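Please read this note with the model open beside it. Find each residue as it comes up.

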Amino acid sequence: SGINDNGSGANGAVAWCWKAGGTAVTNNDGSIASQVSANQEAGFSIVTFTGTGSAGTIGHGLGKAPAWVITKRRNADQAWFTHHISLNNGHYLRLNATNAPGGDTNVYPNNMSTTNTFAVGGDDGVNGNGSTYVSYCWAEIPGYSKMGSYKGNGNNDGTFIFTGFRPAFLIA
């Protein structure tokens with residue numbers, strides 16, 4: 001990861017970087033073909049696909065259900081849609097907005113993630129007909145990564161979250 005403030009000292013940007021699995025390979029595990037670069041050991045994959053406009057599933061290459069999926073339309077302006085294990089089925093967040101979780105199974109359907117695939121609805125934000133997309137998928141790896149959420153308690157010691165290991169990096 002790195003921080004770049006473009007020399008201005010203000011309005012800095014943050015880059016979080018994960019290494020996937022090298023050259024992408026075709027994945028036909030889902031009803032929509034995808035190109036996948038997966039690092040199963042780290043629980044991270046980068047998935048690209050062309051949307052169909054109809055609900056479907058997309059192979060992610062992780063070998064276990066992802067706990068966090070971010071999808072971005074690449075050929076048109078669109079929000080960054082995300083589904084996280086802490087959200088109810090059929091709900092999503094937009095990374096570039098402060099809205100409460102949206103409930104729309106036309107974005108991320110119920111039963112969103114499986115061992116081999118994640119699901120998308122027909123919404124243009126995640127699967128518009130002929131549009132191109134990239135999805136970033138993370139699966140939990142015991143002793144390495146943990147996904148979840150917490151609610152602050154107002155105490156100086158904060159809320160205790162058991163991860164099973166000592167985190168070196170936390171996104172809050």
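1. **What you are looking at.** This is a predicted model, in which local features need pLDDT of at least 70, side-chain atom pairs count only at pLDDT 80 or more, and totals for chains, interfaces and linings use all residues. Residues are numbered from 1 along each chain as its sequence is written, and side-chain values use heavy atoms, with hydrogens and water left out.

2. **Confidence.** The predictor's confidence in each residue is called pLDDT and runs from 0 to 100. The chain averages 89, and 93% of the residues score at least 70. Residues 1-5 stay under 50. The model has 10 contacts beyond four places in sequence for this stretch; a contact means heavy atoms within 4.5 Å. Where pLDDT is low, the predicted coordinates should not be read in detail.

3. Strands here are DSSP runs of E with at least two residues, numbered from the N terminus. Two strands pair if DSSP finds at least two bridges between them. An open sheet has 8 strands, in the order 3-4-5-12-7-8-9-10, with antiparallel pairing. Which strands stand at the edges? They are strand 3 (25-27) and strand 10 (102-103). Each has a single partner strand, so one side of each is left without a neighbour in the sheet.

4. Strand 7 and strand 8 are antiparallel and share 5 bridges. W68 stands opposite H84 in strand 8. Strand 8 then joins strand 9 by 2 bridges, again antiparallel. Here T82 has L93 of strand 9 as its bridge partner. The hairpin of strand 8 and strand 9 has 6 residues between the strands, and G90 takes a positive phi near 80° there. Strand 9 and strand 10 also run antiparallel, joined by 2 bridges. Y92 has G102 in strand 10 as its bridge partner.

5. **The largest pocket.** Its volume is about 1,500 Å³. A pocket is found on a 1 Å grid over the protein atoms alone, as an open set of points with protein on both sides within 12 Å along at least five of seven lines. Lining residues have an atom within 4 Å of a point. There are 39 of them, and W68, K146, M147, L170 and I171 lie nearest the centre. Strand 7 (68-73), strand 8 (80-84), strand 9 (91-94) and strand 12 (132-138) each give two or more residues to the lining. Strand 8 gives the most, with 3 residues.

6. **What lines it.** The lining has 27 nonpolar, 10 polar and 2 charged residues. Nonpolar covers Ala, Val, Leu, Ile, Met, Phe, Trp, Tyr, Cys and Pro; charged covers Asp, Glu, Lys and Arg; the others, Gly among them, count as polar.

7. **Strand 11 and its partner.** Strand 6 and strand 11 pair antiparallel over 4 bridges. I58 stands opposite F118 in strand 11. T117 and A119 point one way from strand 11, F118 and V120 the other way, and all are buried. Buried means under 20% relative accessible area, exposed over 50%, and partly exposed in between (1.4 Å probe, protein chains only). T117 has a relative accessible area of 9%. Beyond four places in sequence, the contacts of T117 are D29, G30, T57, I58, G59, H60 and M112.

8. **L62, a loop residue.** Is L62 buried or exposed? L62 is buried, at 4% relative accessibility. L62 sits in the loop between strand 6 (56-59) and strand 7. Not counting residues up to four places away in sequence, L62 touches N39, Q40, G43, F44, S45, C137, W138 and A139.

9. **N111, an angle to check.** N111 lies in the loop between strand 10 and strand 11. N111 is exposed, at 62% relative accessibility. N111 has a positive phi of about 55°, although it is not a glycine. Most residues other than glycine have a negative phi.

10. **F165, after the last pairing above.** F165 is in the segment after strand 12. F165 is partly exposed, at 23%. F165 and Y144 are 21 residues apart in sequence, yet 7.3 Å apart in space, C-alpha to C-alpha. Outside the four places on either side in sequence, F165 is in contact with G143, Y144, S145 and K146.

Terms used:
1 Å grid on protein atoms, 1.4 Å probe; cavity = no way out; pocket = protein on both sides within 12 Å on 5 of 7 lines; lining within 4 Å. Points joined across faces, edges and corners; volume = space filled by probe spheres on them.
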